[in-house]
Amino acid sequence: MYNSKKELGTVMISYVIRLPRNTKRAIALVFDLFMLPVAMWVAFCLRLDQLYLPDQRIVTAIGLTTFVTIFAFVKLGLYRAVIRFVSYQVLNSVLIGVVISSLAFTTLGFLFQAEVPRSVPFIYLILAILVVG
């Protein structure tokens, strides 16, 4: 067994590093598919200062926004290469993708007549940069 948490962490990191490239891409994509809606929900909770339960229109807007965001990230080449060291180009792609995502969320919220407070897309923008970047 492992003698310390540090030893276990080293084993886990080396296991992930040895995974095939496509597996690492899939892990990044699934992580984003899960965390982007969580970031939107947390943005609502922070804005409203309470635990927020979204209605169907907001859930639809969040779901569609997530897929628009993943599509934007793919087109921007974010999943093309799994990166150990973050470069300026990757940070630029993340920033552009998250801005597209925030604008898509605002637009879809308007189209579905969802009650989205004006500050939520800005809060989401900051959270999404932290989560994806």
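Predicted model: local features only at pLDDT ≥ 70, side-chain atom pairs only at ≥ 80, totals over all residues.
Contact here means heavy atoms within 4.5 Å of each other.

View 1. Residues are numbered from 1 along each chain as its sequence is written, and side-chain values use heavy atoms, with hydrogens and water left out. Helices (H or I, at least four residues) and strands (E, at least two) are DSSP runs, numbered from the N terminus. Followed along the sequence, the pattern reads α-α-α-α-α. The C-alpha trace spans about 55 × 35 × 25 Å along its principal axes. Among contacts with a separation of 6 or more, 71% join residues 24 or more positions apart. Of the 133 residues, 31% are buried; buried means under 20% relative accessible area, exposed means over 50%, and partly exposed lies in between (1.4 Å probe, protein chains only).

**View 2. Helix 2 meets helix 3 in a right-handed crossing.** Two packed helices are described by the angle between their axes and the distance between the axes. Axes are lines fitted to C-alpha atoms, for helices over the stretch in contact, and angles run from 0 to 180 degrees between N-to-C directions. The axes of helix 2 (residues 21-48) and helix 3 (residues 56-75) come within 10 Å and cross at roughly 135 degrees. The two helices are therefore oblique to each other; angles under 35 degrees count as roughly parallel, over 145 as roughly antiparallel, 65 to 115 as roughly perpendicular and the rest as oblique. Helix 2 contributes L29, D32, L33, L36, P37, M40 and F44 to the contact, and helix 3 contributes I58, I62, T65, T66, F67, T69, I70 and F73. By class, eleven of these residues are nonpolar, three polar and one charged. Ala, Val, Leu, Ile, Met, Phe, Trp, Tyr, Cys and Pro count as nonpolar, Asp, Glu, Lys and Arg as charged, and the others, Gly among them, as polar.

**View 3. Helix 3 also passes helix 4, again in a right-handed crossing.** A crossing is right-handed if the near helix is turned clockwise from the far one by less than a right angle, and left-handed if anticlockwise. Here the axes of helix 3 and helix 4 (residues 88-111) come within 9 Å and cross at roughly 150 degrees. That makes helix 3 roughly antiparallel to helix 4. Look for A61, I62, L64, T65, V68, T69, A72 and F73 in helix 3, which face S93, V94, G97, V98, I100, S101, A104, F105, L108 and G109 in helix 4. This contact has twelve nonpolar, six polar and no charged residues.

**View 4. D55 and R57 form a salt bridge.** A salt bridge is a side-chain nitrogen of Lys or Arg within 4 Å of a carboxyl oxygen of Asp or Glu. The structure holds one, and its closest N and O atoms are 3.2 Å apart. D55 is partly exposed at 31% relative accessible area, and R57 is partly exposed at 35%.

View 5. Q113 is exposed, at 60% relative accessible area.
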